Amino acid sequence: MEMNYTEKLKETFSGRNIKAYVHSFGCQLNVSDGEKIKGILKEIGFSFTDNPENAGIIILNTCAVRESAEERVFGIIGSMKKLKSENPDLIIGVSGCMTAQEKNLERIKKSYPQVDIVLGTSAINSLPRLIYEHIQNKRLAYDISEYADFSCSAEQVRESSFKASVPIMFGCNNFCTYCIVPYVRGRERSRNADDIINEVTELVNNGYKEIMLLGQNVNSYGKDLENGLTFPQLLRELNKIQGDFIIRFMSSHPKDATKELLDTILECDKVAKHLHLPVQSGNNNILKAMNRNYTVEKYLETVNYLRSHDSGFSLTTDIIVGFPNETDEEFQDTIKLIKQVEYDNIYSFIYSRRNGTKASTIDDKTPEESKSQRMRELLEVQREISDRHYKRFIGKTMRVLADGKSKKHEGFLTGKSNEFIIAEFKGDESLIGQFVNIRVTDSMNWAVTGEII
């Protein structure tokens, strides 16, 4: 019979009141993984602290999207050598996307003896075993294997009592030339639809108001399942769940934004009327070099279909500025696309070389100052668009999930509307976690303000 490591650890740590510090870097999927790690630690018997100096176990849940993020984490790990010397019983663990790279495991083995546990992205359930093995053997315990079963046996310790992230799939098959994700998260693996539906149903029954479905390419959900649901079919099933809640999802790949998916978004009352659709570039040559597998023309077909059914449909996107050897003319095609689509918001990044990706082998001759100038131009154009585009909400009623106090205005709350627009309004803190209807009275280039009806 396989040893129950959780029960063994409960006995080991019983009565010691040891606190755990878990810090997740990067994307929402990583944050969700961090919540699962907390669930396992809670089941063992740990409580939690926001201060690593008070912790008996530290888990750094890492991101590998950019090399700068990796180096930052290695700097933090290095600084923890002092904590380890002060408390030799301290357990330090590293998890997340960084650990999926063999070179990082070897670097930890060679240069960071203060690390006790290394945990791969799909090996979260191995955490109790690794803690136990480290305690027994007093040496580094690690598991960076890729497991087909990526469910978590413990209940997640969620950061919010009314907003929940629900991963529906893991990994990516797209191999965009700038992206490390397929190499650190593996191939696409979809969760069983019944498990997802049951999890969301339980969350809604427990009072959660916003459900964010997560995946590296969420709208390719189900392609690896035999006789499984497609993503639009899953959305329609979730839409049938009784309760007052909203369904969001990210991230979507334009090549998988089918008419079936667009109709589902438009027709389902609980699915947010917003689509984050990363275009990355407005030039077909650059899109081909990125291996994005769609054209600008195909992308605009998706946009036009949504806007033909709802002229004010909310769209956001990602843009990479300065992909290797992007010319000024190619960049201007991106500016043209932004002006044509009129996004509510864009998330823009200057291209960052990432070792291990195909794009990192390209000899890039574009000066960094040119890239910075292009970024400044892009942001200026988008500010003008957002400032003008947000005015369409003035005088209208918005349904907003209040999620916190405003950091700028005393007595005001902030939240996001169905359209994923930030809204600020005067209201009592008791409304946090509830839906409110507001009449929009003013707009800025990043938010709207209004009054509760």
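Ser-251 is found in the loop between β11 and α10, where helices (H or I, at least four residues) and strands (E, at least two) are DSSP runs numbered from the N terminus. The peptide bond that leads from Met-250 into Ser-251 is cis, with omega near -5°. This is a predicted model, in which local features need pLDDT of at least 70 and side-chain atom pairs count only at pLDDT 80 or more, while totals for chains, interfaces and linings use all residues. Residues are numbered from 1 along each chain as its sequence is written, and side-chain values use heavy atoms, with hydrogens and water left out.

- Leaving aside residues up to four places away in sequence, Asp-256 touches Asn-217, Asn-219, Ser-220, Lys-223 and Leu-261, a contact being heavy atoms within 4.5 Å.
- Phe-175, in the loop between β8 (169–170) and α7 (181–185), has a positive phi of about 55° although it is not a glycine, and at 31% relative accessibility Phe-175 counts as partly exposed.
- Asn-227, in the loop between β10 (210–214) and α9 (231–239), likewise has a positive phi, of about 60°, although it is not a glycine, and Asn-227 is exposed, with a relative accessible area of 78%.

**The whole chain**

- The chain contains 14 helices and 19 strands, and its radius of gyration of 23 Å is close to the 22 Å that the globule rule gives for 453 residues, so the chain is as compact as a globular protein of that length.
- That radius is taken over C-alpha atoms, and the globule rule is 2.2 Å times the number of residues to the power 0.38.
- Along its principal axes, the C-alpha trace of the chain spans about 65 × 55 × 50 Å.
- Buried residues make up 54% of the 453 residues, and of the contacts with a separation of 6 or more, 73% are between residues 24 or more positions apart.
- The chain exposes about 20800 Å², of which carbon and sulfur atoms supply 46%; accessible areas come from the Shrake-Rupley method with a 1.4 Å probe, and for residues only the protein chains shown count as cover.
- The mean positions of the 59 positive and 64 negative charges are 2 Å apart, with Lys and Arg counted as positive, Asp and Glu as negative, and His and the chain ends not counted; each charge is placed at NZ of Lys, CZ of Arg, CG of Asp or CD of Glu.

**Nonpolar cores**

- In soluble globular proteins, nonpolar side chains tend to be buried together.
- A nonpolar core is a set of buried Ala, Val, Leu, Ile, Met, Phe, Trp, Tyr and Cys residues joined through side-chain atoms within 4.5 Å, and of the 55 residues in the largest such core of this chain, Leu-213 and Phe-231 touch the most other members.
- A second, separate core has 24 residues, including Ala-55, Ile-58, Leu-60 and Val-73.
- Not counting residues up to four places away in sequence, Leu-213 has among its contacts Val-166, Ile-168, Phe-231, Ile-247 and Met-250.
- Ile-247 lies in strand β11 and, at 1% relative accessibility, counts as buried; beyond four places in sequence, its contacts include Ile-211, Leu-213, Leu-235, Lys-270 and Val-271.

**Helices α6 and α2**

- In helix α6 (residues 127–137), Leu-127, Pro-128, Leu-130, Ile-131, Tyr-132 and His-134 are buried, and what covers the buried residues of α6 includes α1 (5–13), α2 (28–44), β3 (57–62) and β4 (91–96).
- Helix α6 is followed by Lys-138, whose phi is positive, near 55°.
- Leu-41 lies in helix α2 and is buried, with a relative accessible area of 0%; apart from residues up to four places away in sequence, Leu-41 touches residues including Leu-127 and Ile-131, both of which are among the buried residues of α6.
- Leu-41 and Val-218 are 177 residues apart in sequence and 28 Å apart in space, C-alpha to C-alpha.

Key
Buried means under 20% relative accessible area, exposed over 50%, partly exposed in between (1.4 Å probe, protein chains only).
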